[in-house]
Amino acid sequence: MVRTGRARLRKVWWWRWRRNPLRRRSDRLEAWLVLVTWTLALLGGLLAGVEAGAAMAGDLAARRAALHTVSAVLVEKADRTGTVTADGTAETVRAKVRWKAPDGSPHTGLARVAPGSAAGTSVTVWNDRDGDLVRAPLNMAEARLQSMLTGVLVAAAAGAVVCGGGHWARLRLDRRRLRDWEAEWARVAPSGGRT
């Protein structure tokens with residue numbers, strides 16, 4: 001009795017690149033298309049993400065540099081209870097404060113202060129170059145996180161756009177192959193419908 005081993009099927013990862021007499025020109029074109037699509041998606045997405053993250057970090061740093069703190073005084077007593085947050089605590093309340101702009105002119109506005117603060121209490125508020133009251137800028141950890149998330153989202157979006165374009169090109173190539181195959185089959189198929 002002759003023992004025969006099982007034929008092992010080996011998966012060829014680069015099957016589009018192997019030498020084959022039946023490989024068509026469109027197969028070679030598809031191989032290049034896939035290679036270029038993945039290269040552009042990975043490298044283009046990475047570069048777009050890095051650039052977007054750096055641009056966001058620069059923008060947040062410029063915003064932070066354009067703002068400065070000013071000492072303000074509470075005009076009226078702040079409420080004891082504020083808006084309740086998700087964890088059940090009221091961290092700050094809005095109260096009317098007074099401060100002086102860089103040109104010395106007095107300003108008033110609403111700022112977030114500790115609940116129950118008495119009138120005349122000194123608080124720190126953020127102003128822009130014109131002396132207007134603005135929200136506090138993001139701290140360094142928040143700015144870094146926002147820049148990283150922006151970079152990741154832009155990288156994913158750029159990669160998805162490139163992959164979508166490659167997929168669309170492959171669909172067009174497949175349609176062309178089917179048209180060519182149908183034309184060839186019509187030319188060589190036996191007439192009468194019997195094979």
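**Salt bridges, patches and a hairpin**

Biologist: What relative accessible area does Asp59 have?

Modeller: Asp59 has a relative accessible area of 34%, so it is classed as partly exposed. Buried means under 20%, exposed means over 50%, and partly exposed lies in between, with a 1.4 Å probe and protein chains only. This is a predicted model, in which local features need pLDDT of at least 70 and side-chain atom pairs count only at pLDDT 80 or more, while totals for chains, interfaces and linings use all residues. Residues are numbered from 1 along each chain as its sequence is written, and side-chain values use heavy atoms, with hydrogens and water left out.

Biologist: Which side chain meets Asp59 in a salt bridge?

Modeller: The partner is Arg63, at 3.0 Å from N to O. A salt bridge requires a side-chain nitrogen of Lys or Arg within 4 Å of a carboxyl oxygen of Asp or Glu. Asp59 and Arg63 are 4 residues apart in helix H1, so about one helical turn separates them. Arg63 is also partly exposed, because its relative accessibility is 48%. Helices are DSSP runs of H or I with at least four residues, strands are runs of E with at least two, and both are numbered from the N terminus.

Biologist: And how many salt bridges does a search of the whole structure find?

Modeller: The search finds 6. One of them joins Arg177 and Asp27, with 3.6 Å between N and O. Arg177 lies in helix H2 and Asp27 in helix H1, so far as sequence is concerned 150 residues apart.

Biologist: Are Arg177 and Asp27 buried or exposed?

Modeller: Both are buried. Another bridge pairs Arg170 with Glu30, whose closest N and O atoms are 2.9 Å apart. That pair also links helix H2, with Arg170, to helix H1, with Glu30, across 140 residues. Glu30 counts as buried because its relative accessibility is 6%, whereas Arg170 is partly exposed at 29%.

Biologist: Which elements give two or more residues to the positive patch?

Modeller: The patch itself consists of Arg25, Arg28, Arg172, Arg175, Arg176 and Arg179. The elements are helix H1 (25–66) and helix H2 (140–188). H2 contributes the most, with 4 residues. A patch takes residues with over 30% relative accessible area and no salt bridge, joining like charges within 9 Å and nonpolar side chains (Val, Leu, Ile, Met, Phe, Trp, Tyr) within 5 Å.

Biologist: Why is Arg179 classed as exposed?

Modeller: Arg179, in helix H2, is classed as exposed because its relative accessible area is 52%.

Biologist: Which residues form the nonpolar patch on the surface?

Modeller: Trp32, Leu35, Val36 and Leu40 form it, with about 370 Å² of accessible area together. Such areas come from the Shrake-Rupley method with a 1.4 Å probe. Leu35 belongs to helix H1 and is partly exposed, because its relative accessibility is 32%.

Biologist: Turning to the strands, how many bridges join S2 to S3?

Modeller: There are 8 bridges between strand S2 (residues 93–100) and strand S3 (residues 106–113), and the two run antiparallel. Strands pair if DSSP finds at least two bridges between them.

Biologist: Which residue in S3 stands opposite Lys96?

Modeller: Leu110 is opposite Lys96. The hairpin of S2 and S3 has 5 residues between the strands, and Gly104 takes a positive phi near 95° there.

Key: Lys, Arg positive; Asp, Glu negative; His and termini not counted. Charge placed at Lys NZ, Arg CZ, Asp CG, Glu CD.
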